[in-house]
Amino acid sequence: MKGEKGEKRKQELLKIAYQMFIQKGYEETSIDEIIAEAHIAKGTYYYHFPSKEALLEEVINMMIEDEVGRAKEVVSAPMPVPQKLAGIVVSLRPEQGESNIADALNQRENIIMHEKIGRKIVEEAVPLLADVVEQGIAQGMFTCDHVKERVRMILIVSQHLFDNGNFSYGEVEVFIDMVEKTLGAPSGTLGFIRQLIDQNDIERRTHFP
């Protein structure tokens, strides 16, 4: 099962699991159903994934790779810096149909995985956002040093503040002010964040009851 053939089979299982998680939800999809859909022996499944949780983590990693690919396209796109920042943030969110999968991370038993995935997203997002911030510095929009460190801190704060969709108007305003001061941007430069957060909250309340 090793080599190219084994990797191909693993990717097939990931795609099958991804579709079933979307259609039925993670909790409602059993390993036996995935095995039946893939037409493989149970031993073959466990060769690639020691548990259902390990499969979920791999599926989410696959989703993140797709999101990062979309975000990289935004970095090089011919658009203003604020729109690029917004585009990267939007690209790094699960798509609407993937809410059943993302929701599984909010289960108490998956809290460790949730934190691990959160760290992975930060590490993937930092160089992309830092690249755009550097573009903003070159254009005179931002004035700051230690760009990657500043971007990482902004991302970590945003995850803790907005992760569960339970935040106030005042917290949003303070967050925007903090980001503008952290990047050395004139007041109002990053007001688009307000619309991004509002839209994210709407999506959470729609898809994560």
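This tour moves through the structure stop by stop, saying what to select and what is found there.

**Before selecting anything**

The model is predicted, so local features are given only where pLDDT is at least 70 and side-chain atom pairs only at pLDDT 80 or more, while totals for chains, interfaces and linings use all residues. Residues are numbered from 1 along each chain as its sequence is written, and side-chain values use heavy atoms, with hydrogens and water left out.

**The whole chain**

Begin with the chain in cartoon view, where there are ten helices and zero strands; helices (H or I, at least four residues) and strands (E, at least two) are DSSP runs numbered from the N terminus. The C-alpha trace spans about 60 × 35 × 25 Å along its principal axes. Of the 209 residues, 43% count as buried, where buried means under 20% relative accessible area, exposed over 50%, and partly exposed in between (1.4 Å probe, protein chains only). Among the contacts in the chain with a separation of 6 or more, 65% join residues 24 or more positions apart, a contact being heavy atoms within 4.5 Å.

**Helix α1 and methionine 20**

Next select methionine 20, which lies in helix α1 (residues 3-24). Methionine 20 counts as buried because its relative accessibility is 12%. Leaving aside neighbours within four places in sequence, its contacts are Gly25, Thr29, Glu33, Ile34 and Glu37. For isoleucine 34, which is 14 residues away along the chain, the C-alpha atom is separated from that of methionine 20 by 7.7 Å.

Glutamate 33 is partly exposed at 29% relative accessible area, and lysine 24 is partly exposed at 36%.

**Two histidines in loops**

Move on to histidine 39, in the loop between α2 (31-38) and α3 (42-48). Histidine 39 has a positive phi of about 55 degrees although it is not a glycine, and its relative accessible area of 72% makes it exposed.

Then select histidine 146, in the loop between α7 (111-138) and α8 (147-162). Histidine 146 also has a positive phi, of about 45 degrees, without being a glycine, and is exposed with a relative accessible area of 55%. While in this part of the sequence, select aspartate 145 and arginine 150, which form a salt bridge whose closest N and O atoms are 2.8 Å apart.

**Lysine 84 in helix α5**

Now select lysine 84, placed in helix α5 (residues 81-91). Lysine 84 is buried yet has no salt bridge, and the nearest side chain of opposite charge, aspartate 131, is 7.0 Å away. Its side chain instead makes a polar contact with the side chain of glutamine 135 (2.7 Å); a polar contact is a pair of N or O atoms within 3.5 Å, where within protein one must be able to donate a hydrogen and the other to accept it, and residues adjacent in sequence count only if both atoms are side-chain atoms. Beyond residues up to four places away in sequence, lysine 84 touches residues including Val74, Val75, Met79 and Val132.

**Last stop: helix α9**

Finish with lysine 181 and aspartate 177, which both lie in helix α9 (residues 169-183), four residues apart, about one turn of the helix. Their side chains meet in a salt bridge (2.6 Å, N to O). Lysine 181 is exposed, with a relative accessible area of 61%, whereas aspartate 177 is partly exposed at 33%.

Conventions. Lys and Arg count as positive and Asp and Glu as negative; His and the chain ends are not counted. A salt bridge is a side-chain nitrogen of Lys or Arg within 4 Å of a carboxyl oxygen of Asp or Glu.
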